[in-house]
Amino acid sequence: MHVVIMAGGKGTRLRPYTTALPKPLMPIGDSHAILEIVLRQLAARGFTDVTLAINHLGSLIRAFVGDGSRFGLRVDYVEERVPLSTIGPLFGIRDRLPEHFLVMNGDVLTDLDYADLLHTHVCSGAPLTVATCRRTVHVDFGVLAVDDGRIVRFSEKPSLDYQVSMGVYALSSRTIAAYPEGLAFGFDQLMLDLLDRGELPASYDFTGYWLDIGRPEDYDEANRRFEALKPTLLPNLVPEPV
């Protein structure tokens, strides 16, 4: 029950908030950092080991989380000397990881059952299982389909439905075995590699609460709704320290 949390980004879309704090330590509500909520959720779901990939203001994350014992977890760290994107940090810590594990962004608020995602991945035999959520995008313009200079289809302000990645996924160690250490490599590149090879990732469809805190408006929404969502997002019962 191991998870790698990507917590090294600069959070540029959340500036000026992230000038002094790394995004995973941004407070939600009166007294909880985003990362604290995630760690407590993982512990409540039976996870025991966490690796934090840090870079930007990483010393603050180390000071806040420590060895993880106060969350009922064992926490270690990998520090990026250069940015390695969302998958690259895994290549240098393969000897620390079990056969199957989770990878997630450090700025996600959700009531996803992390343990069930990992269990489903193990049973599927897929190289990668992506937690997905449906999102609707409203287009504020008339949308045209053009063929050879002629308009062949028109939709006035359509709504488009997409199944999107939640920034939480389960991986098998064999999936990343061939990539060299130190390679900057993103989730998007891994997806395209797997599709090109015909090794199709699995989708773990989720219908609960999910918010990616990437923009100031997302952060404001999280704070507005946190008190109502707190019983769901922040379990009261956390296992004893391991």
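Student: Which residue forms a salt bridge with R225?

Tutor: In this predicted model, R225 pairs with E221, their closest N and O atoms being 3.8 Å apart. A salt bridge here is a side-chain nitrogen of Lys or Arg within 4 Å of a carboxyl oxygen of Asp or Glu. Residues are numbered from 1 along each chain as its sequence is written, and side-chain values use heavy atoms, without hydrogens and water. Local features need pLDDT of at least 70 and side-chain atom pairs 80 or more, while totals for chains, interfaces and linings use all residues.

Student: Where do R225 and E221 lie?

Tutor: Both are in helix α5 (residues 216–233), four residues apart, and are thus separated by about one helical turn. Helices (H or I, at least four residues) and strands (E, at least two) are DSSP runs, numbered from the N terminus.

Student: How many salt bridges does the structure hold?

Tutor: There are eight salt bridges. One of them joins R74 and D49, with N and O atoms 3.0 Å apart at the closest. R74 lies in strand β5 and D49 in strand β4, so the pair ties together parts that are 25 residues apart in sequence.

Student: New topic: how many disulfides are there?

Tutor: The structure holds zero disulfides, a disulfide being a pair of cysteine sulfur atoms within 2.5 Å.

Student: Is C133 buried or exposed?

Tutor: C133 is buried, at 4% relative accessible area, whereas C123 is exposed, at 56%. Buried means under 20%, exposed over 50% and partly exposed in between, with a 1.4 Å probe and protein chains only.
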